[in-house]
Amino acid sequence: MPNGFPLAQWLARHRIALLVGLLLVLSLLIRVRGISHGYPDYVGTDERLIVKEVGHFFDDDTLRPGHYNYPAFYSYLYAGALYLCRALGGLDSVAGLQLPMGFALTFNIVLFALVGRWLSLLAGVALVGLTYLLGCRTYGRRVALGGTLFAACSTTLVGYSRFALPEMAMALL
């Protein structure tokens, strides 16, 4: 153990950090469980709209948003996540064919929507951590832990974390 402390003393010193870490893991597990909601047969209407609009960046080689229904910054984050997945080999091909991303999106919109769902999921988990930090700074540890537990298990936050929509990313910012 660090600095030669017995395990019980080390746990007592770090119990708050361990509890917050446990709440973040709980938050992640709850959200990962729901990320496949309706996948692959159903990708929501708004998800399809956002995915297609982000595909506009790839088709036209522009960063000019083609829509104003949702914040443009989210579209940029989403496009960056798609580029990162492509660079890591996650979106290399559709049916074994090397296709431009905008064109591939036409054939496999659900795969692209899954990337957006992961973006929302990660933003939702980060929002739980931010809840602790803001609560701790404003009201103290006890209130911050309660708020973090609420944010980790809130059905509204969990629900929005499972769709490729801008709500979680924009709430985080």
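## A nonpolar surface patch

Leu 63, Phe 73, Tyr 76, Leu 77 and Leu 173 form a nonpolar surface patch of about 500 Å². The model is predicted. Leu 63 sits in the loop between α3 (45-60) and α4. Its relative accessibility is 59%, so Leu 63 counts as exposed, the cut-off being over 50%.

## Overall build

The protein chain has nine helices and zero strands. Read from the N terminus, the order is α-α-α-α-α-α-α-α-α.

The chain has 173 residues, and 40% of them are buried. Its accessible surface is about 10000 Å². Carbon and sulfur atoms account for 64% of that surface.

How many aromatic pairs does the count give? The count is one aromatic pair. The ring centres of Tyr 74 and Tyr 78 are 5.9 Å apart, and the planes meet at 50°, so the pair is tilted.

Side chains of opposite charge can pair when their charged atoms come close. In this chain the count is one salt bridge. Which side chains meet in it? They are Glu 47 and Arg 117, at 2.8 Å from N to O. Glu 47 lies in helix α3 and Arg 117 in helix α6, so the pair ties together parts that are 70 residues apart in sequence.

Glu 47 and Arg 117 are both buried.

## Helix α6 and what follows

Helix α6, the helix that holds Arg 117, covers residues 109-138, 30 residues in total. How far does α6 reach from its first C-alpha to its last? The span is 42 Å. That is close to the 44 Å expected at 1.5 Å a residue.

Gly 140 follows α6. The phi of Gly 140 is positive, near 110°.

Note on methods
Residues numbered from 1 in each chain as written. Predicted model: local features only at pLDDT ≥ 70, side-chain atom pairs only at ≥ 80, totals over all residues. Heavy atoms only, no water. Helix = DSSP H or I, 4+ residues; strand = E, 2+ residues; numbered from the N terminus. Buried < 20%, exposed > 50% of the residue type's maximum accessible area, 1.4 Å probe, protein only. Areas by Shrake-Rupley, 256 points an atom, 1.4 Å probe, with all protein chains shown as cover. Phe/Tyr/Trp six-rings, centres within 6.5 Å; stacked < 30°, edge-to-face > 60°. Expected span 1.5 Å × (residues − 1). Patch = residues over 30% accessible without salt bridge, like charges linked within 9 Å, V, L, I, M, F, W, Y side chains within 5 Å. Salt bridge = Lys/Arg side-chain N within 4 Å of Asp/Glu carboxyl O.
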